[in-house]
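Hi,

Here is the structure I promised to pass on.

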Amino acid sequence: MYCFLRFSILLVGLIVSAGSYAVNAAQPLTTADDLGPKVEQPIEFPHDRHAGDAAKGGMQINCMYCHTYARRSIVAGIPPLQKCIGCHQNIESVRETPRIKKLFEYWEAKKAVPWKKVHDLPDFVRFNHERHIQRFVFAQNKPVQEACGYCHGDVKTMTVARRQKPLSMGWCVSCHQKDHPVDATSTKTTHGPNDCWQCHK
Amino acid sequence: MIENSFNRRGFLKVLGWGGATVALSGCGNTSVEDGREFVTSYVQTADYIIPSIGTYFNSTCAQCDAGCGIMGRVREGRVLKLEGNPKSSINNGKMCGLGQAGVQAHYNPDRIREPLLRNGDKGEAIPWGKALELINEKIGGVKAENIAFLTGGVSGHVKALLKNYLDALGSGHHYVYEAVAPSIMRAANRKTYGVEMPRLRLDKAKVVVSFGADFLGAWISPVHFSQQYARFRKADNGERGVLVQVESKMTLTGANADRWLAIRPGTEGILALGLINALAAAGLSVPGDVAAVVREYTTDRVSKDTGVSAEHIGRLAALLKERSPSLVIAGSAAEGYAHGSQNATAIALLNQVLGNVGKTVEAPSSIPFPQMAPSTGNRFALQSLNDNMAQDKVKVLFSYGVNPVFTAPASMKLKENLKKVPFKVVFAHYMDETALEADLVLPLNSALEDWATVMPEYVAEGAQLNIQQPLMEKLYPGTLGMGDILLALLKQRRPDEYKGYEDFYSYLRSAMVSNKGALGGSTTDDDTFWDATLSHGVVKLVSTPVNMSGNVSAKGLVVPGPFAEDSAYPFHLIPAVSASLRDGRNANEPWLQESPDPLTTIVWDSWVEMHPKTAAKLGIVEGDIVEVASRSGAIKAQVYVFTGIHPDVISVPLGYGHEAMGRYAKGVGVNAFKILDPVFDKETGELAMHETRVKVSKAGRRVVIVKDEGPAGGNQMGRKIAVRVSSNKVNLSEEV
Ligand code: SF4
């Protein structure tokens with residue numbers, strides 16, 4: 001039953017997206033081709049374990065607990081190692097697992113974990129996390145995971161994150177052209193900025 | 001001409017292709033660095049460190065000796081841009097272009113990255129431990145009096161450590177050398193005011209007469225003077241100050257003056273005395289002995305000697321009489337002669353007669369920690385070191401913060417004399433001309449990754465100690481700060497005294513904290529005091545104004561007449577100090593090479609500045625390559641024809657013409673230091689920088705000068721951007 005429901009939602013999603021594709025002749029939304037390369041990370045970080053649903057063994061941690069800079073900076077940032085350790089020094093149960101052992105090795109050597117970039121834009125594009133998070137999460141009261149998911153996909157189901165969307169200009173614009181309410185209660189709508197210099201400064 | 005191997009067009013082509021590749025990979029659906037680049041992540045960080053948002057840390061600019069306070073914008077652990085520190089009374093939050101290029105000294109690709117020991121023609125990388133041990137060994141083998149330390153201007157805790165090290169060695173031979181410094185003026189000031197560097201208050205003056213002091217460009221503390229100048233021009237009472245610049249070659253300050261007077265080189269003192277005479281004639285009370293001396297300097301004679309018209313002398317005297325207080329400044333152009341001291345004294349006398357002392361010439365403040373007070377340098381120091389080397393009296397030589405092989409005139413034969421020194425240690429950032437002669441090269445941290453304290457020579461208010469602190473981690477693990485090296489050397493000599501300090505930082509912290517009472521921290525605990533000190537970047541010291549004791553007497557003041565004609569070498573050479581290149585120590589910072597000279601707009605090369613009349617007489621046009629030959633040598637460079645220069649004078653900027661140092665400096669332009677004649681100021685023994693006589697001859701080729709201005713000073717296409725009025729249409733009686 002559960003499986004079936006999910007499947008049908010996916011189907012609806014596909015049809016809707018196909019429909020909007022046909023009507024707006026915009027860039028396609030997520031397709032298999034939009035997946036970014038598989039990025040190998042020094043530690044295979046389990047996003048699903050940290051952010052996933054409780055029903056599936058996840059901890060349901062808010063994205064912004066670790067990616068704390070997203071709401072106040074143009075980049076979301078990687079949390080400092082001290083944040084990982086802050087929790088993990090009190091979680092004895094996984095202390096001896098290979099990934100956590102590796103984590104503590106970095107900590108003891110006082111070396112930052114050399115995480116690789118998964119989402120990157122060309123240098124002539126200036127994407128601002130703060131603007132999006134402030135708009136969707138704080139003004140419109142959207143769930144954090146949904147707001148982040150517009151661009152990052154369903155990270156809570158992944159281990160190491162992988163790019164899910166094309167992040168091309170056409171794809172950005174397809175969203176910026178959509179009307180959305182200015183805030184959670186208002187009936188007034190607006191759409192994302194359309195000026196070149198918003199992103200190309 | 002850029003004579004080195006890279007050709008500009010080829011360079012641009014390569015850049016174009018590179019750019020295209022990057023752009024292509026950036027288009028389409030691929031993100032550029034997915035899975036390749038690393039994300040900045042920290043082990044531990046303060047809450048205020050947010051990726052992509054700059055954090056500012058205060059430090060001190062080390063690009064020139066003015067010691068402005070700076071704030072470095074640091075992002076993701078890298079320093080990106082420098083601004084002025086508003087807390088520093090020297091620059092009040094402003095900076096100059098030279099200071100801005102400080103980041104290029106830091107990120108410079110030609111920095112030395114590890115200690116190098118000479119092995120034949122090559123430098124072999126060796127570990128620091130071995131390098132320091134080698135120094136210890138060499139020093140042990142010679143007598144203390146045969147050890148010499150040559151440095152640029154030093155101050156603060158590095159100076160204190162250096163002195164302790166020299167004491168520990170038992171050698172007092174510390175030579176402080178500055179290639180371009182107002183040392184004759186300092187001596188004259190000491191005589192006339194009792195202090196070397198009185199405070200000049202342009203902002204309080206109603207008229208400023210500057211004898212070749214380029215205080216807006218390259219003189220002493222240009223950012224500070226520029227701010228004073230702004231207040232002088234737009235005073236609170238609405239009265240606009242009048243600036244008259246008297247010099248033989250137009251400087252940036254000259255270009256800003258209300259009246260620029262081209263004076264025959266070397267006759268500045270005559271004009272000053274002539275002005276006193278004219279003022280006395282106009283009724284200003286002048287002491288009897290002064291009046292007696294200046295009596296013979298009648299306007300007619302002065303006009304004949306100096307080339308300044310009698311009309312202008314009269315007008316200048318009237319202006320000075322009418323508007324008081326005024327300020328008269330003796331700059332490098334006045335002091336650069338064998339009679340430079342007399343010129344400077346005559347100019348100081350004019351200040352005295354005008355009653356400016358105490359009004360616009362103020363007493364500086366006492367310095368509470370004399371062991372940290374700045375040691376200022378001169379050229380005489382290099383001369384005496386050179387003599388000692390020639391007589392084999394120097395066995396071990398240390399050189400820090402100077403590049404004498406580049407800045408010494410060829411006639412000194414410094415390079416040959418250096419060869420007589422068996423062991424030479426050079427502390428350096430680049431393999432410059434002096435480092436190439438060394439036996440051991442020790443690479444220094446850049447100013448943006450080093451600890452130090454700096455006490456500038458010219459401080460605007462009170463006394464001040466500047467903090468220089470790292471704005472980011474060291475780029476190369478193999479470099480060390482000067483303080484750290486001195487501390488390590490001191491540990492060899494006085495282990496008991498210094499072993500408690502792990503590094504220079506811990507020494508500095510404990511030295512500062514243990515004196516916190518005198519540094520304004522008596523009521524705070526150590527950590528709070530130290531944190532506040534670092535966050536402010538400057539420490540105000542408790543001090544009182546010193547007494548200005550000296551007195552100018554006209555007795556014995558003889559200013560020689562104008563130079564006799566020299567038919568073999570008809571022109572005076574003025575080696576110009578430009579605002580960005582100064583003595584050439586920053587020549588490997590490409591922004592400085594690329595930023596156009598403010599007056600000629602020339603980039604990436606030297607030039608020979610010449611009056612149109614002179615050029616016509618010699619049959620020379622712009623772009624001709626000429627040979628400029630003095631009795632001591634010759635250089636070749638392109639001619640730039642410019643009206644802002646006396647017809648008897650030609651001028652070549654300093655700082656160009658490096659034979660080493662790095663990719664941006666090497667082979668660009670010619671080195672004017674080399675052809676300076678060995679003429680010295682009679683009183684101080686200083687090299688007289690403006691005494692060199694030269695001849696000019698065409699060398700055959702002609703080039704297109706690379707400069708920003710268009711033909712004929714910029715084609716305005718009828719837009720009246722800068723309106724010109726021909727001189728016969730100007731009503732001179734309304735002008736200064
Ligand atoms: S005047 Fe000197 S110290 Fe001040 S900003 Fe310019 S280069 Fe730096």
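Let's start where the chains meet: Lys117(A) makes a salt bridge with Glu37(B), with 2.5 Å between the closest N and O atoms. I count a salt bridge when a side-chain nitrogen of Lys or Arg is within 4 Å of a carboxyl oxygen of Asp or Glu. By that rule there is one salt bridge across the interface of chain B and chain A.

Before going on, note that this is a predicted model, where local features need pLDDT of at least 70 and side-chain atom pairs count only at pLDDT 80 or more, while totals for chains, interfaces and linings use all residues. Residues are numbered from 1 along each chain as its sequence is written, chains are lettered from A and ligands numbered from 1 in the order written, and side-chain values use heavy atoms, leaving out hydrogens and water.

The contact (heavy atoms within 4.5 Å) involves 32 residues of chain A and 24 of chain B. Together the two chains bury about 2300 Å², 57% of it on carbon and sulfur atoms; that is the accessible area (1.4 Å probe) lost on putting the two parts together, summed over both.

Chain B also has an open, antiparallel sheet of three strands, ordered β17-β18-β19 (strands are DSSP runs of E, at least two residues; a pair needs at least two bridges). Its edges are β17 (452–454) and β19 (538–541), each pairing on one side only. Four bridges connect β18 (residues 463–468) to β19(B), and Gln464(B) sits opposite Lys540(B).

Cheers
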